Amino acid sequence: MFEDKDQSRTPLSQLGEFGLIDHLTQHFTIAQKSTVKGIGDDAAVLDHSNKQIVVTTDLLVEGVHFDLSYMPLKHLGYKAIIVNLSDVYAMNAMATQVTVSIAVSNRFPLEALEELYAGIALAAKTYNVDVVGGDTTSSKTGLLITVTAIGEAQGENIVYRSGAQPNDLIVTTGDLGAAYMGLQVLEREKEVFKVNPRSQPDLEPYSYLLERQLKPEARKDIVELLAKMEVRPTSMIDISDGLSSEVIHLCKSSKTGCRIYEDKIPLDPQLIHTCEEFKIDSTTVALSGGEDYELLFTVAQKDYEKIKGNPHLTVLGHMTEESAGLNLVTRGETLVPIIARGWNALTQED
Ligand code: ADP
Ligand code: MG
């Protein structure tokens with residue numbers, strides 16, 4: 001993952017608001033041809049010519065969405081961009097620009113914000129999006145970050161949550177639950193550290209889970225893959241709150257029911273191990289754990305041949321008539337209703 005930097009501390013008061021903005025944004029360049037004007041005027045200017053524009057925004061609050069005791073600021077900056085790009089890709093659109101707004105308390109030195117912006121810059125470069133603006137203000141409590149992402153697509157290619165039909169196949173990318181278990185590992189180590197600050201945890205057995213929690217990626221590659229395979233999903237959503245919550249959104253919007261097969265849910269071996277260690281059911285984690293940022297979509301049966309065998313894609317089940325309800329077919333072949341329990345519910349249970 002990312003390396004640590006040395007700990008010099010320049011107070012923000014030394015730069016002032018405009019000095020700070022200049023300092024943090026000085027290295028951003030423009031890569032997208034749709035960006036006419038980026039940072040430096042009263043507003044950015046974009047020209048997406050004949051494309052449709054998608055816009056999405058997320059607010060991240062310290063103590064609610066992230067914990068700086070185990071989330072390095074560079075990772076936080078990276079993740080703040082990723083969670084927004086994921087929403088753009090979930091529309092089957094390509095992300096082109098972001099704005100980043102922050103509220104910071106003066107307990108942060110300049111070096112901390114440099115770390116945050118290093119993560120933001122890395123994500124912007126990796127996903128080829130321009131940082132075209134934002135706002136900077138002070139906060140009396142914790143750190144707040146708002147990212148707005150802008151993307152584009154030909155109108156006919158945009159995929160909504162509402163287009164699924166009965167018998168469409170339900171497909172997920174990647175594997176599920178790992179980010180949630182990564183968080184459980186971090187929470188556990190935090191408790192251990194409180195008791196014994198000199199303990200040196202061996203986190204190697206959890207490396208994949210931690211990476212999924214601390215440095216998630218958004219599935220831009222899937223939007224490109226679908227275009228290349230000439231598969232247009234009938235509905236799509238990104239998995240930020242857990243599989244069950246997202247499949248419920250697709251079914252509600254599309255007015256369908258669904259059948260998901262427990263034995264099809266893709267789980268990483270490290271997740272299975274760690275769930276055994278924590279004595280948590282891995283299916284529950286995949287269904288209710290959050291922050292995987294995979295894409296969940298439906299395709300018509302006729303597209304099965306095109307997606308079959310692709311290592312990024314797993315068919316989990318299919319849509320049904322609405323009246324059949326939303327069901328999980330367990331390994332024991334019983335039907336269990338799928339209920340909305342995002343990661344919030346799962347955390348409260350602990
Ligand atoms: P205004 O007074 O119009 O809000 P600012 O001085 O806040 O302008 O911002 C100057 C420029 O810097 C604008 O282009 C704005 O979008 C950009 N900007 C301000 N804060 C940030 C930030 N945290 N990240 C990226 N761009 C920023
Ligand atoms: Mg401003």
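Student: How many bridges join strand E4 to strand E6, and which way do the two run?
Tutor: Strands here are DSSP runs (E, at least two residues; helices are H or I, at least four), numbered from the N terminus, and two strands pair if DSSP finds at least two bridges between them. In this predicted model, nine bridges join E4 (residues 94-104) to E6 (residues 144-153), and the two run antiparallel. For instance, Ser-101 has Thr-146 in E6 as its bridge partner.

Student: What is the strand order of the sheet?
Tutor: The order is E3-E6-E4-E5, an open sheet of four strands with mixed pairing. Strands E3 (52-61) and E5 (130-138) are the edges, each pairing on one side only.

Student: How is the size of an interface often given?
Tutor: Often as the accessible area lost when the parts come together. Here that is counted with a 1.4 Å probe and summed over both parts. The bounds, from an automatic or database domain assignment, are 12-156 for domain 1 and 169-347 for domain 2. About 2,000 Å² is buried between them, with carbon and sulfur atoms giving 60%. In domain 1, Tyr-70, Lys-79 and Asn-92 lose the most area to domain 2, together 29% of what that side buries.

Student: How many salt bridges does the rule find across this interface?
Tutor: The rule wants a side-chain nitrogen of Lys or Arg within 4 Å of a carboxyl oxygen of Asp or Glu. Two turn up between domain 1 and domain 2. Separately, the side chains of Asp-67 and Lys-190 meet in a salt bridge at 2.5 Å, N to O.

Note on methods: Residues numbered from 1 in each chain as written. Chains lettered and ligands numbered in written order. Predicted model: local features only at pLDDT ≥ 70, side-chain atom pairs only at ≥ 80, totals over all residues. Heavy atoms only, no water. Buried area = accessible area lost by both parts, 1.4 Å probe.
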